[in-house]
Amino acid sequence: MKTYYSIWYALGIMGLFHLTIRQRFVFLLLLSGCFTLFPGALLMGQSEDFRDYLTYHSRVNQAEVHLSQGHFEQALNTYEEIFDTYDFVFGRDYKIAVQLALYQKEDKRALEFLQKAFRNGLDLKEVRKLPSLKKLRTTPGWANLENSYDSLRAASPNAVDFPTRETVRGMYKKDQKKAMGALLRIGDKAQIAYAEKTFAPHSEEQLTQLKGIISRGGYPGEKRIRNDYWASTILSHHNSISRAYNQKDTLYPKLKPLLLQALKDGDISPYELAMIEDWKIATVSAWSEPGYGYLNAPKAATLHHTDSLRQAIGLRSVALRNQLVAQEAETGMDFFLPDWVTGKIDIVDGD
């Protein structure tokens with residue numbers, strides 16, 4: 001088996017993409033512009049606060065089990081319990097609940113969920129663009145809700161940290177520009193050399209700055225800055241510099257406890273955390289170790305390990321994701337599953 005040393009070549013073994021190395025790197029940049037771990041033992045000893053976001057994600061998984069089985073009213077009730085318990089709710093969960101209510105012909109309930117979603121930070125422009133919520137705009141009461149949008153946003157208990165948002169957006173743009181430099185290098189050795197000698201020092205500065213931001217006010221994700229991919233892209237790029245670099249890296253390991261706390265606090269989603277750590281696992285192991293099932297297709301013999309990693313951070317099992325994909329096809333709803341893998345996650349034979 002050939003050894004792969006870095007992200008610059010690693011994308012070459014992703015069977016979904018029959019592209020040159022440089023084209024695959026372009027794909028990585030586009031992917032990071034679109035979106036959107038730790039063994040369970042690391043989570044032991046944490047409090048059992050019922051508003052802990054590990055519990056939140058566990059409850060979401062319960063709702064998704066109901067979804068996968070076609071028990072839509074039970075799923076709706078579970079989502080509503082979550083909305084009534086937590087001060088911050090991820091926009092994805094509101095969007096699913098609104099669709100479910102519409103599917104169940106509970107238009108009033110759909111509008112009530114959306115009212116909560118707007119107060120929680122969901123963007124009106126996003127709702128208008130979603131094909132899955134198109135029916136909502138013809139629902140009686142939509143016009144009044146739309147007119148009350150500004151006042152609902154103003155009453156949000158989770159105000160946007162605009163200074164941090166602008167800082168992180170600038171960091172993200174800087175990161176993307178620096179990463180594009182790899183496209184000017186021809187060949188794997190040249191790209192790895194660029195990653196280690198030019199991109200790595202830049203990335204170390206980025207992580208140092210990001211650690212300060214997290215320490216001062218929490219992880220800059222959806223709750224804090226209304227964006228769930230700028231910071232995670234920066235971290236994913238760092239974790240994919242090269243096998244040699246990431247085996248010796250000390251910055252990310254020091255940052256990891258802050259990310260675990262951010263998961264518990266609801267500042268980072270399991271999706272972001274899984275992608276960040278999946279790059280670490282893939283790069284350090286030369287794509288030989290099982291991860292979360294996104295970058296490497298999980299193997300039947302090690303699927304239990306992949307699912308245990310996913311469960312530890314509140315992410316659904318591979319089987320549940322695949323059941324949800326099937327339910328999407330049957331109902332026409334959109335469950336906003338990470339599109340890093342299109343459709344179902346394939347499980348390959350072998351060890």
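How are helices α5 and α6 oriented to each other? Select both to find out. This is a predicted model, in which local features need pLDDT of at least 70, side-chain atom pairs count only at pLDDT 80 or more, and totals for chains, interfaces and linings use all residues. Residues are numbered from 1 along each chain as its sequence is written, and side-chain values use heavy atoms, with hydrogens and water left out.

Start with α5 (residues 91–103) and α6 (residues 107–120), whose axes come within 7 Å and cross at roughly 165°. The two helices are therefore roughly antiparallel to each other (an angle over 145 degrees between N-to-C directions). Their crossing is left-handed (the near helix is turned anticlockwise from the far one by less than a right angle).

Next, pick Lys-95 and Phe-336. The charged end of Lys-95 sits over the Phe-336 ring, 4.4 Å from its centre (NZ of Lys or CZ of Arg within 6 Å of the ring centre and within 35 degrees of the ring normal).

Now show the aromatics. The structure holds 16 aromatic pairs (ring centres within 6.5 Å). Select Tyr-229 and Trp-230: their ring centres are 6.2 Å apart and their planes lie at 75°, so this pair is edge-to-face (planes over 60 degrees apart). Trp-230 is buried, at 6% relative accessible area (the cut-off is under 20%, with a 1.4 Å probe and protein chains only). Then select Tyr-53, Tyr-56, Tyr-86, Phe-88 and Phe-90, which ring pairs link into a cluster.

Finish on α11 (residues 188–217). Phe-199 marks a kink of about 45°, shortly before the proline Pro-201 (the angle is between axes fitted to the seven residues ending there and the seven starting there). After α11 comes Gly-218, with a positive phi near 100°.

Key:
Helix = DSSP H or I, 4+ residues; strand = E, 2+ residues; numbered from the N terminus. Phe/Tyr/Trp six-rings, centres within 6.5 Å; stacked < 30°, edge-to-face > 60°. Buried < 20%, exposed > 50% of the residue type's maximum accessible area, 1.4 Å probe, protein only. Axes fitted to C-alpha atoms, helices over the stretch in contact; angles between N-to-C directions. Parallel < 35°, antiparallel > 145°, perpendicular 65-115°, else oblique.
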